[in-house]
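Let's take a walk through a protein together, one stop at a time.

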Amino acid sequence: DSLKIEERFKELIEKNDLKDEAKVVKTGCFGLCEAGPIVIVYPEGAFYSQLKVEDVDTIVSEHLVKGRIVTDLLYKESYQEGEMQSINDVGFYKKQERVALGNCGVINPEVIEEYIAYDGYEALGRVLSDMKPEEVIQLLKDSGLRGRGGGGFPAGLKWDFTAKAEGDQKYVACNADEGDPGAFMDRSVLEGDPHVVIEAMAIAGYAVGADKGYVYVRAEYPIAVNRLQIAIDQAKEMGLLGENIFGTDFSFDMEIRLGAGAFVCGEETALIKSIEGKRGMPVPRPPFPAVKGIFDKPTLLNNVETYANIPQIILRGPEWFASIGTEKSKGTKVFALGGKINNTGLLEIPMGTTLREAIYDVGGGIPGGKEFKAVQTGGPSGGCIPAAHIDTPIDYDNLIELGSMMGSGGMIVMDEDNCMVDIARFFLDFTVEESCGKCTPCRDGTKRMLEMLDKIAEGKGTPADLDKLKTLAKTIKNASLCGLGQTAPNPVLSTLDYFMDEYEAHVHDKR
Ligand code: SF4
């Protein structure tokens, strides 16, 4: 519908001879999926939501021609007590702090000049003209940025390891193989602000001594791939990629590699194999990619959101970044909020925001006034956090302490109607499907777990099965080769910990 809406606006602007007064700018995602398709008309900032193609006629004839805002079509919270509110005052955006998503929904991602107008490539220019590579790395360390792809490893340290690794050739890679069900953080950045990733990767190349970058992005994201390619071509054309960038002796080029949709290729060693053109299967670490990565050369691998923070950290300084968040988790985090929640969408909140604030203030609470039961964070391998912990500030360590994890930022809300045994089965079913089969604990163990869960759910289980399930889950966590297997049992373990009564009800009631 958005494309049809765009077309209709263009048609009517032409027809009404408004070409000198009005221009249609295509942007990336605004984050508030629930309210889409969204159109914002400036200078008033009128936030029109859930538009249909026929609404465009009304907006053009009333707003653009007569200067009258069509209040009936405004997003419900953006028009209150007869007054139009700023977009930043509506509940969904009020507690957000958009750094990685700063340009998404603001600029046209296919026009490099718009990125440049919002300080784009200034950080790269500053780094190349004023800073030594080791100063860039120190700045990153001072900021406290941790990798946003899952593990939360300190980004500055990873850059340092790669810079110090021996190698005649080094690479910088970006993990954009977003495979978690319901997650679309990377996609949104690549679709809405692809230049930020290019700029950050060039900065990383300078800092670690690499002249070549790869973005590994899943083929199921055609718009992201297309816009990224457009952005790479534009950057090359303007001399911002390629030989002697900004007239310095630093050269950096990059290319896209497409993933074929295997979840395991998000694991860094499997991703590297896939970039090399081999089957995407994890290999044991060490050696880590910083020492032996793509084509056995030292490789810096970060994910899209990690890179999306870099230019702003350079421009605003590490102290600014470190002032946001909690003691050990600095900055903001992007989450894909879904499940039983009113404001489905993409949000970026400061670390330390509580789960309650994310779910009720930003997310708008549970539909139908139902009771909140649990939230699953961290994608299919995350754990389910019950209502008793809803006031927990979100950061890497708190989520791990609760048996879950940050992961790349999935946040799925469950209400009183959800059966937690079914939820655990759903996620385990996904990881069973996606196991690459290389190691026995994950390949066979997760299948056996799923069989046990099926048996329990069908009312054929016994209390002893619950103990066996727990023991097997812990064994798989300890004995699997890569992160997929090591975390796959999390949804089962966390629901066994927090919702044992529901498992017992299945065991007792249905026998
Ligand atoms: Fe493959 Fe699973 Fe073993 Fe990872 S843990 S290597 S996904 S079988």
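**A walk through the model**

Let's start at the ligand: 13 residues surround it, and the closest are Cys436, Lys438, Cys439, Cys442 and Cys482. Before you go further, keep in mind that you're looking at a predicted model. What kinds of residues make up the shell around the ligand? Sort them by class and you get eight nonpolar, four polar and one charged.

How many cavities of 30 Å³ or more turn up when the whole structure is searched? The search finds two.

Next, find the second largest cavity, with a volume of about 40 Å³. Here you can pick out the whole lining: Asp180, Pro181, Gly182, Ala336, Gly379, Gly410, Met411 and Ile412. Which element gives the most to this lining? That's strand β13, residues 410-415, with three residues. By class, the lining of the second largest cavity splits into four nonpolar, three polar and one charged.

Time to look at charged side chains that pair up. Searching the whole structure gives 37 salt bridges, so let's visit a few of them. One is formed by lysine 95 and aspartate 361, whose closest N and O atoms are 2.6 Å apart. This pair links distant parts of the chain: lysine 95 is in the loop between α3 (91-94) and α4 (112-117), aspartate 361 is in helix α14 (residues 355-362), and 266 residues separate them. Are these two partners buried or exposed, or something in between? Lysine 95 is partly exposed, because its relative accessible area is 35%, and aspartate 361 is partly exposed too, with a relative accessible area of 35%. To be called partly exposed, a residue has to fall between the 20% and 50% marks.

Another salt bridge joins the side chains of glutamate 110 and arginine 227, at 3.2 Å from N to O. Glutamate 110 lies in the loop between α3 and α4 and arginine 227 in helix α10 (residues 222-237), so this pair ties together parts that are 117 residues apart in sequence. What about their surroundings? Glutamate 110 counts as partly exposed because its relative accessibility is 23%, whereas arginine 227 counts as buried, at 9%.

Lysine 273 and glutamate 276 also meet through their side chains in a salt bridge, at 3.5 Å from N to O. Glutamate 276 has 13% relative accessibility, so it counts as buried. Salt bridges can also join up into a group: Arg8, Glu11 and Asp57 are linked in a network of them.

Let's finish with the backbone. Proline 37 sits in the loop between α1 (2-15) and β1 (39-41). Another cis peptide bond joins arginine 285 and proline 286, and its omega is about -5°. You'll find proline 286 in the loop between α11 (268-275) and β8 (299-303).

The last stops are about phi. Glutamate 81 isn't a glycine, yet its phi is positive, at about 50°. This glutamate is in the loop between β3 (79-80) and β4 (83-84), and glutamate 81 counts as exposed because its relative accessibility is 81%. Aspartate 119 is another residue other than glycine with a positive phi, near 70°. Aspartate 119 lies in the loop between α4 and α5 (122-130). With 42% relative accessibility, aspartate 119 counts as partly exposed.

Conventions:
Residues are numbered from 1 along each chain as its sequence is written. This is a predicted model: local features need pLDDT of at least 70, side-chain atom pairs count only at pLDDT 80 or more; totals for chains, interfaces and linings use all residues. Side-chain values use heavy atoms; hydrogens and water are left out. A residue is near a molecule or strand if one of its heavy atoms lies within 4 Å of it. Ala, Val, Leu, Ile, Met, Phe, Trp, Tyr, Cys and Pro count as nonpolar, Asp, Glu, Lys and Arg as charged, and the others, Gly among them, as polar. On a 1 Å grid over the protein atoms alone, a cavity is a set of points where a 1.4 Å probe fits but cannot get out, and a pocket is an open set with protein on both sides within 12 Å along at least five of seven lines; lining residues have an atom within 4 Å of a point. Grid points are joined across faces, edges and corners, and a volume is the space filled by probe spheres set on the points. Helices (H or I, at least four residues) and strands (E, at least two) are DSSP runs, numbered from the N terminus. A salt bridge is a side-chain nitrogen of Lys or Arg within 4 Å of a carboxyl oxygen of Asp or Glu. Buried means under 20% relative accessible area, exposed over 50%, partly exposed in between (1.4 Å probe, protein chains only).
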